[in-house]
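Please look over the sequence and the model shown here before reading the report.

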Amino acid sequence: MSDRKYTTKEEVLVRGREAIGIPLRDMDKTHKLSIGKGAVGSVVEESWFGYKINSDSEPDFAEAGVELKVTPYVKASKGVRAKERLVCNIINYMEEYKNTFQTSSFWRKCNTMLIMAYRHIDGVDKGDFTIEEAILFSFPVEDLIIIEKDWEYIISKIRAGRAHEISEGDTLYLGACTKGATSASVRQQPFSDIPAKQRAYSLKQSYMTYILNNYIFGERTDEHIVKDPALLREKSFEEYIVERIAPYFGRSRTKLMHEFDIQPGPKNINEIILARILGIEGKITATDEFQKANIIPKTIRIQKTGHIRESMSFPGFRFLDIIQEDWEDSSLKNYLEPTKFLFIIFKENDAGDYFFERVKFWNMPAEDLDEVRKVWERTVQVIRYGVELEYNGSVTRNNLPKQSENRVAHVRPHAKNASDTYPLPDGRDMIKQCFWLNSTYVESIINE
């Protein structure tokens, strides 16, 4: 083990870049590749930089003021994306609320990071992975304004005795993800006797994807909704969006389409309207802020009766994949927990036209995510032990969780047609399914 000290940022960066292209098995001197989760980071820390893994509140290279972060990415048809969030440090609820952002454990540890990226490829031995790039990263001003507000929101919940209600979706770029061996890992909080899940500061997966595409592997620039970052010093991003959109509330969709010269036809017509209101020529989901924060727009149509007809669907799942997951690392949890939704709400009038009523930012509360967990667990159990299929002459019914069984979510088909199927573990084919938020639950959110 080397005792080398790195006293400057440049020394850290030079040593990091020397690792580029070396197979991890050739780097591994302490035999950490076999430890499972976190193996790659452990190899780089111990074998390449020569220091013992620790949980100190100071950055890894304290003299240089640099924290080491090793992060995986994957290449897909749509390009490079982060494989996971970047976990920073455990939040000590009993102490962190006493700090300002500038004295917080997150800022002390992560204000400057050496980010070393490697490509993860399923089925390839970790020993064959190599570091592809290494950069020194400091947060740009426009991101730092939002990150500081994210930190303040997390701390506000701790100070209010609501650390047990913190959700990763509460914030935009800086999250508070669960951290522990099991979901039962809890910590004491200062202003409540209710145990709170152990959480760590983390940079969201969507934000890490943005860093990869814009700072590590390219200089892709995307449209900004907020042209002047200084505007966010006095108000939150959500407040800024609502303020920009509010003058258009009450207008019919027909008039808005005419005003912005939008032709009928696209399925995402309401998102296009919103983009034009905000001065965006492309897709609103392709903007700088929406990509970093993983904000997903969803249109909600309120009928003239005041009720919502449709449930809200999420991406489908493969039966053979979901039974290999556990809840903490499941695709569904990692989709719902960090995501912030922007509901674009239109309300029907007596003539059958829809008027732009309002927008609402929302993320799923922790207690409701626990209800989704129950639906997910029962779904996995049914698939593992054999789905019951019953054909009544016109419709094939199954015993997956129904809307009547849970106040938040259920499972039902989401397929193009009856031949759009996935294989079950027992070899039978079943029409593709996905998780849905109940229409009654969505209605309760809108009416809050």
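The report below describes selected features of this predicted model.

## Basis of the values

The model is predicted, and for that reason local features need pLDDT of at least 70 and side-chain atom pairs count only at pLDDT 80 or more, whereas totals for chains, interfaces and linings use all residues. Residues are numbered from 1 along each chain as its sequence is written, and side-chain values use heavy atoms, with hydrogens and water left out.

## A mixed sheet and its helices

Helices (H or I, at least four residues) and strands (E, at least two) are DSSP runs numbered from the N terminus, and two strands pair if DSSP finds at least two bridges between them. On these terms, 4 strands form an open sheet in the order S2-S1-S4-S5, with mixed pairing. Its edge strands, each pairing on one side only, are S2 (79-82) and S5 (131-138), and the twist from one strand to the next averages 30°. Strand S4 (residues 112-119) pairs with S5 in the antiparallel sense over 7 bridges, and Met113 stands opposite Phe137 in S5.

Axes are lines fitted to C-alpha atoms, for helices over the stretch in contact, with angles from 0 to 180 degrees between N-to-C directions; contact means heavy atoms within 4.5 Å. Helix H1 (residues 9-18) lies across S4 and S5 and runs at about 165° to S5, while helix H7 (residues 205-216) lies across S1 (67-76), S2, S4 and S5 and runs at about 135° to S2.

## Aromatic pairs and charges over rings

Rings of Phe, Tyr and Trp (its six-membered ring) pair if their centres lie within 6.5 Å, and planes under 30 degrees apart count as stacked, over 60 as edge-to-face and the rest as tilted; by this rule the count comes to 32 aromatic pairs. The rings of Phe314 and Tyr335 have centres 5.5 Å apart and planes at 65°, so this pair is edge-to-face. It links distant parts of the chain, with Phe314 in strand S11 (residues 312-317) and Tyr335 in helix H13 (residues 331-336), 21 residues apart. Both Phe314 and Tyr335 are buried, a term for under 20% relative accessible area, with exposed meaning over 50% and partly exposed in between (1.4 Å probe, protein chains only).

One aromatic cluster includes Phe137, Trp151 and Tyr207. A charge sits over a ring if NZ of Lys or CZ of Arg is within 6 Å of the ring centre and within 35 degrees of the ring normal; Arg15 lies in this way over the face of Trp48, at 3.7 Å from the ring centre, and Arg253 has its charged end over the ring of Phe346, 5.9 Å from its centre.

## Surroundings of Ser202

Ser202, in strand S9 (residues 199-203), is buried, with a relative accessible area of 0%. Leaving aside residues up to four places away in sequence, Ser202 touches several residues, among them Arg85, Glu168 and Tyr173.

## Salt bridges

A salt bridge is a side-chain nitrogen of Lys or Arg within 4 Å of a carboxyl oxygen of Asp or Glu, and a search of the whole structure finds 30 salt bridges. One of them joins Lys5 and Glu63 (4.0 Å, N to O), where Lys5 counts as exposed at 57% relative accessibility and Glu63 as partly exposed at 47%. Glu67 and Lys69 also meet in a salt bridge (3.5 Å, N to O), and both are buried.
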